Amino acid sequence: LEEQVRRSDRLKMIGEVAAGTAHEIRNPLTAIKGFMQLLQRALNERQMGRELDYVRIVMAELERVNALVNEFLLLSKPKEVKRVPVRLGHLFGEMLPMLRNEAVMHDVALRYEPRPGLPAVFADKEMLKQVFLNLGKNAIEAMAAVKGGTLTIRERAGRAGAAEVYVDICDTGPGIPAASLERVFDPFFTTKEQGTGLGLSICQRIVHDLGGRIDVATGAGGTVFTVTLPALQGA
Ligand code: ADP
Ligand code: MG
């Protein structure tokens, strides 16, 4: 528990610093992008192919910085959390098409196992979407590294009387090595060349704020991230 408190304090601090600087970085980024586009047009008219390639590289790198800044902003505490009863079925209905796109591109089959009659959860729908999107993307990326597999998203009801619901995000990827396992939720821990290491920190932060938790089980056959969320009584 002490470890969790320490981690959550650290996350909070990083979040505050990040939020402050992220906004400052975003404005010049927008300007750079705008002028790069003008440059691109001018070079295109003069048919300057090699210079156009340079500009394309700059734009691609800009996109990476942009993505990183957006993740920083997510990590910082949102100003208002809109908590409403959320039906997981609705949420996945809106979110799965996005994930399916990612899956198809990486030879991953996507299976969704809804649980009819599952109570609603009390949460911010957009933030919860972000959680499942991040977990789903990680699963797909893990399987892309081994040329495909199956991503299963499974809803489960809590024990009778326990006001909880579970969502399992299961992959058939290579699993997480023991040495990495205790660090995967640390901000900036990544094993990917282009990773930010912020995805799971953001997920954990959001789920904790909602009063839930994330557990992970992993082995040679793949990995399961289980998200536990408080359910609405009698909903
Ligand atoms: P990123 O995806 O940018 O690397 P994350 O915080 O989302 O950052 O994940 C941190 C690390 O946890 C990943 O780099 C990877 O090593 C590991 N990881 C997360 N999910 C999985 C998974 N489903 N299978 C294997 N490894 C995973
Ligand atoms: Mg990730």
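In this predicted model, helix α3 (residues 88-105) and helix α4 (residues 125-144) are roughly parallel to each other, because their axes meet at an angle of about 25° and angles under 35 degrees count as roughly parallel. The two axes lie 10 Å apart, and α3 passes α4 in a right-handed crossing. On the α3 side, the residues in contact are L91, M95, M98, L99, E102 and A103. They meet K125, L128, K129, F132, L133, G136, K137 and I140 of α4. Sorted by class, this contact has nine nonpolar, one polar and four charged residues.

Helix α4 also packs against α6 (199-209). Here the axes come within 9 Å and cross at roughly 145°, and the crossing is left-handed. From α4, the contact uses M127, Q130, V131, N134, L135 and N138. From α6, the partners are G199, I202, C203, I206 and V207. Seven of these residues are nonpolar and four are polar, with no charged residues.

What angle do the axes of helix α2 (residues 49-75) and α6 make where they cross? The angle is roughly 25°, and the axes come within 9 Å. That angle makes α2 roughly parallel to α6. The crossing of α2 and α6 is left-handed. In this contact E71, L74 and L75 of α2 meet S201, I202 and R205 of α6. By class there are three nonpolar, one polar and two charged residues. I202 of α6 takes part in the contact with α4 and also in the contact with α2.

| Helix pair | Axis distance | Angle | Crossing |
|---|---|---|---|
| α3 and α4 | 10 Å apart | about 25° | right-handed |
| α4 and α6 | within 9 Å | roughly 145° | left-handed |
| α2 and α6 | within 9 Å | roughly 25° | left-handed |

Next comes the ligand. Which residues come nearest to ligand 1? Of the 21 residues around ligand 1, these are A142, T190, G195, G199 and L200. The elements that give two or more residues to this shell are α4 and α6. The largest share, four residues, comes from α4. By class, the shell has seven nonpolar, 12 polar and two charged residues.

T152 sits in strand β4 (residues 149-157). Is T152 buried or partly exposed? T152 has 18 C-beta neighbours inside 10 Å, so it counts as partly exposed; a buried residue would need 20 or more. Apart from neighbours within four places in sequence, T152 is in contact with R111, E113 and C170. K33 is 119 residues away from T152 along the chain, and their C-alpha atoms are separated by 38 Å.

Finally, the chain as a whole. The protein chain has six helices and seven strands, arranged along the sequence as α-α-β-α-β-β-α-β-β-α-α-β-β. Its C-alpha trace spans about 70 × 40 × 35 Å along the principal axes. Of the 235 residues in the protein chain, 25% are buried. Among contacts with a separation of 6 or more, 72% join residues 24 or more positions apart.

Conventions
Residues numbered from 1 in each chain as written. Chains lettered and ligands numbered in written order. Predicted model: local features only at pLDDT ≥ 70, side-chain atom pairs only at ≥ 80, totals over all residues. Axes fitted to C-alpha atoms, helices over the stretch in contact; angles between N-to-C directions. Parallel < 35°, antiparallel > 145°, perpendicular 65-115°, else oblique. Left-handed = near helix turned anticlockwise from the far one by under 90°. Contact = placed C-beta atoms within 7 Å. Nonpolar A, V, L, I, M, F, W, Y, C, P; charged D, E, K, R; others polar. Buried ≥ 20, exposed ≤ 12 C-beta atoms within 10 Å, placed from the backbone. Near = placed C-beta within 6 Å.
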